[in-house]
Amino acid sequence: MANPFSYGGIVSARQFCNRVTELRELVRAAKNNERLFIHGERRVGKTSLLKSVMSTLREAGGICFYIDVWKCVDEADFRRVCASALSGYALEKGKGALGKLAELFSGVAPSFGIDESGKPTVTLVRDRSRPEGPDVEEILRAPGRISAMEPGRPVLVVFDEFQQIREISGLKLEKVLRSVIQEETGVAWFFCGSRATLLREMFLKKGSPLFRSSGHYPVGAIGFAHWRPFITGEFDQSGKKISPGTVRMLVQATGGHPFYTQMLCSALWDISGHTASESDLEAAVSLLLDRESGTYATLWNSLPDQPRKMLRAIALEGTLFKPTSGDMVRKYGFSSPSTAKSALLYLLKHDHASQDEKGGYHLSDRFLGMWCLRNVAT
Ligand SMILES: Nc1ncnc2c1ncn2[C@@H]1O[C@H](COP(=O)(O)OP(=O)(O)OP(=O)(O)O)[C@@H](O)[C@H]1O
Ligand SMILES: [Mg+2]
């Protein structure tokens, strides 16, 4: 039997645990043409959730555009990625829609073809009079035009890894987006990302172009009540068993963070015999920690003193609330609250720590916390 657990890619169908409420709320928000900024820790399952939202919406007749800003290094790239997302709609419509689509951008028309693997493709061909192609605002207004051409069909645009947009254009694209999303109200706009500090600055800091332009929607860990049937069911269906106590310990160790939970489940499944026990779990954790110990030791040695102290504090607390309170400052030996604060900011800036939707601070890599407890926490 193959290992049923999967980590590292997008998960769907049987590998997708719970998210029932999130799915319902986000599909409803998309149908209501809402604007949302969706944030959550690294690898918490944002993209998998959004892909599920899109496939549910498509089944209900919706039109979805997914734009991964991470792939873009400059504005020209961003235009290309957006235009290529829009060309998916052209494929869906088939050749009959060419005329309509040409109306989307003046001077640019889609052209159909077949790639080497025999898959249909569509590219946007430029008019000779406009060699630079459509400008970014024109591209971003296309979903609004599509919505007007398709009454009754919800239209959703998802920008994933949205924080990257600042790196590629400063504030320019955010300013264009602000006016587009204010005017194109027949479309739902979702902005998703994992760099909480940057996203908050973009949407919650006065003076930022997108300040208060969107509601916010946090994506958090998955609770034990949902993991228990999921993990037990996957063991059962793959011909193995897991004891209830082991499931509980496993989810406790990862805090229910989807990526780390799947990774630990996968290692446990590999090393266990017929029934996965608590001692197998210990062994699976040790295996994963041993595998990463070189990386963790290098990271630990490369940190400046104060951030290293803060990393240890977060590892010991599991979830750290009020990092600059008098108690915490004394307990972990910082010279002042402001030293503790700068140490925390260092960890956040370098993505070693992140803040969850309840305001608690975690080590972004849940296994780094376990490594600290075993190796440097005394
Ligand atoms: N609903 C889920 N059920 C089970 N496992 C999940 C779920 N969502 C995510 N995962 C696990 O977490 C991993 C990361 O998921 P995903 O790429 O969707 O997260 P992300 O938040 O978009 O990550 P990143 O911050 O890297 O963009 C998946 O490969 C899978 O192992
Ligand atoms: Mg993602």
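An oxygen atom of ligand 1 lies 2.8 Å from a polar backbone atom of Arg 43, in what is a predicted model.

**Polar contacts**
- Gly 8 also takes part through its backbone, with an N or O atom 2.8 Å from an oxygen atom of ligand 1.
- Gln 262 uses its side chain instead, placing a polar atom 2.8 Å from a nitrogen atom of ligand 1.

**The pocket and its elements**
- Ligand 1 takes up the space of the largest pocket.
- Two helices, α2 (46–59) and α11 (258–271), are the elements that each give two or more residues to the shell around ligand 1.

**Who is in the shell**
- Ligand 1 is surrounded by 23 residues, and the closest are Ser 6, Gly 9, Cys 17, Lys 46 and Ser 48.
- Sorted by class, the shell holds 9 nonpolar, 9 polar and 5 charged residues.
- Domain 1 (19–92 + 135–218) and domain 2 (223–294) each supply at least three residues to the shell around ligand 1.

Definitions and conventions:
Residues are numbered from 1 along each chain as its sequence is written. Chains are lettered from A and ligands numbered from 1 in the order in which they are written. This is a predicted model: local features need pLDDT of at least 70, side-chain atom pairs count only at pLDDT 80 or more; totals for chains, interfaces and linings use all residues. Side-chain values use heavy atoms; hydrogens and water are left out. A residue is near a molecule or strand if one of its heavy atoms lies within 4 Å of it. A polar contact is a pair of N or O atoms within 3.5 Å; within protein, one must be able to donate a hydrogen and the other to accept it, and residues adjacent in sequence count only if both atoms are side-chain atoms. On a 1 Å grid over the protein atoms alone, a cavity is a set of points where a 1.4 Å probe fits but cannot get out, and a pocket is an open set with protein on both sides within 12 Å along at least five of seven lines; lining residues have an atom within 4 Å of a point. A molecule sits in a cavity or pocket if more than half of its atoms lie within 2 Å of its grid points. Helices (H or I, at least four residues) and strands (E, at least two) are DSSP runs, numbered from the N terminus. Ala, Val, Leu, Ile, Met, Phe, Trp, Tyr, Cys and Pro count as nonpolar, Asp, Glu, Lys and Arg as charged, and the others, Gly among them, as polar. Domain bounds come from an automatic or database domain assignment.
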